[in-house]
Amino acid sequence: MQRVLVIDDDENIQLLVKAALQARFELVKALTGQDGLARLDEGEIDLILLDYNLPDMDGQETLERIREQDED
């Protein structure tokens, strides 16, 4: 089953995505950018749904760090 990482601090969005996708995908949840980066180390992720407005860093910075982590 493909794994989708959902990085969003809004619990309602998390629930909406879960309801829409859980039948076809394994969902991995993260509430902050840092948490999302940590989840990437837990196993292969096939798709990332990333909120732009996160409490610890914006989506652009999170994306840049994901790309850096992917290069390592």
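## Salt bridges

A salt bridge is counted where a side-chain nitrogen of Lys or Arg lies within 4 Å of a carboxyl oxygen of Asp or Glu. By this criterion, five salt bridges are present in the structure. The structure is a predicted model, in which local features need pLDDT of at least 70 and side-chain atom pairs count only at pLDDT 80 or more, while totals for chains, interfaces and linings use all residues. Residues are numbered from 1 along each chain as its sequence is written, and side-chain values use heavy atoms, with hydrogens and water left out.

## Overall architecture

The protein contains three helices and three strands. These elements are DSSP runs, numbered from the N terminus: helices are H or I runs of at least four residues, and strands are E runs of at least two. Starting at the N terminus, their order is β-α-β-α-β-α.

The C-alpha trace spans about 30 × 25 × 15 Å along its principal axes. The radius of gyration, taken over C-alpha atoms, may be compared with a globule rule of 2.2 Å times the number of residues to the power 0.38. For 72 residues, a compact globule would have a value near 11 Å, and the 12 Å of the protein agrees with this.

Of the 72 residues, 28% count as buried. Buried means under 20% relative accessible area, exposed means over 50%, and partly exposed lies in between (1.4 Å probe, protein chains only).

One of the salt bridges joins R3 and E26, whose closest N and O atoms are 3.3 Å apart. Because R3 belongs to strand β1 (residues 3-7) and E26 to strand β2 (residues 26-30), the pair ties together parts that are 23 residues apart in sequence. R3 is buried, at 15% relative accessibility, whereas E26 is partly exposed, at 36%.

## A network around R39

D35, R39 and E42 are linked in a network of salt bridges. D35 and R39 approach each other to 3.3 Å between the closest N and O atoms. Both residues lie in helix α2 (residues 33-40), four residues apart, which is about one turn of the helix. In the bridge between R39 and E42, the corresponding separation is 3.1 Å.

How accessible are the members of this network? D35 is partly exposed, with a relative accessibility of 21%, and R39 is partly exposed, with 23%. E42 has a relative accessible area of 51% and therefore counts as exposed.

A patch of negative charge on the surface is formed by D58, E64, E68, D70 and E71. Such patches are made of residues with over 30% relative accessible area and no salt bridge, like charges being joined within 9 Å. Asp and Glu count as negative, and the place of a charge is taken as CG of Asp or CD of Glu. Accessible areas come from the Shrake-Rupley method with a 1.4 Å probe.

E64 is partly exposed, at 41% relative accessibility. E61 is also placed in helix α3, and this residue is partly exposed, at 29%. The C-alpha atoms of E61 and G33 are separated by 8.4 Å, although the two residues are 28 residues apart along the chain.

Notes
Patches are made of residues with over 30% relative accessible area and no salt bridge: like charges are joined within 9 Å, nonpolar side chains (Val, Leu, Ile, Met, Phe, Trp, Tyr) within 5 Å.
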